[in-house]
Structures are given as structure tokens and as C-alpha cells.
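Dear colleague,

Please find the structure we spoke about below, followed by some notes on what was found in it.

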Amino acid sequence: MTKKKSVIIFDLDGTLVDTRAFIIDALNELSVPFRFDDLDEEDVVRLRDTRSVHFLKVIGVPLWKGPRLIKRIQEKLSKEIETMSFVPGLKDTLVVLKER
């Protein structure tokens, strides 16, 4: 008999960890090498739920540069993820889920 495992997979899209400030800072750091204007919080909120292709078009990054931009942001995120905080109240929720 095979033992049943319970697994939960999370995506760091800002639901668990507040990544908004990180995303704004990372995009603004990369705005010079990728040649687009700095973004502010309103821009990020407005574009948050758009598709990647639309996001790149709006900020003026050619589609062919998109994978490199995403890779650079992911590299920055992997270096800084351990310093980020959970969304308020979420840590308690995760503890309760673990106990179940």
C-alpha cells in the first residue's frame, strides 16, 4: 500500500509574501538596461493582473526582451526572498493549515 502525501504548492504572486515593493524596486533597477521609464506603485497596481505580453507593451519593452527581464527579476527575487515578510496574518493561517 502506498502512503498518501499531502502537498500544497504556492506561487509567489504577492498572495503569501508582500512582493509589491520588491517588484517596483526590481523593475526600476532594470529600467535603464531595458530602456523603459521607472514605474510607481500605481503603475504596478494598474498592470498587476494584465498578461505579460500586454505588460511589456505598456512599459515599452520589446517582446523578445521579456524572457531576459523576467529572468533578471527572478534572480533578484531568489537572492532576497528570505528577507521578505508574509502578508499580515498569513503566517498564522499557514500554521493552522499545517496542523490539519
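In which helix is the place of Asp43? Asp43 sits in helix 2, which covers residues 41-47; helices here are DSSP runs of H or I with at least four residues, strands are runs of E with at least two, and both are numbered from the N terminus.

Before the rest, a word on where the values come from. This is a predicted model, in which local features need pLDDT of at least 70 and side-chain atom pairs count only at pLDDT 80 or more, while totals for chains, interfaces and linings use all residues. Residues are numbered from 1 along each chain as its sequence is written, and side-chain values use heavy atoms, with hydrogens and water left out.

To return to Asp43, this residue counts as buried because its relative accessibility is 19% (buried means under 20% relative accessible area, exposed over 50%, and partly exposed in between, with a 1.4 Å probe and protein chains only). The side chain of Asp43 is joined to that of Arg46 by a polar contact of 3.1 Å, the term standing for a pair of N or O atoms within 3.5 Å, where within protein one must be able to donate a hydrogen and the other to accept it, and residues adjacent in sequence count only if both atoms are side-chain atoms.

Helix 1 (residues 20-34) packs with helix 4 (residues 66-80) at an angle of about 135 degrees, their axes being 10 Å apart; axes are lines fitted to C-alpha atoms, for helices over the stretch in contact, and angles run from 0 to 180 degrees between N-to-C directions. That angle makes helix 1 oblique to helix 4, since angles under 35 degrees count as roughly parallel, over 145 as roughly antiparallel, 65 to 115 as roughly perpendicular and the rest as oblique. On the side of helix 1, the residues in contact (heavy atoms within 4.5 Å) include Phe22, Ile23 and Leu30, and on the side of helix 4 they include Arg68, Leu69 and Ile73.

Arg35 lies in the loop between helix 1 and helix 2, and its phi is near 60 degrees, a positive value in a residue other than glycine. With 69% relative accessibility, Arg35 counts as exposed.

Lys3 and Lys5 belong to the segment before helix 1. Lys3 is exposed, with a relative accessible area of 75%, and its C-alpha atom is separated by 47 Å from that of Glu29, 26 residues apart along the chain.

With kind regards
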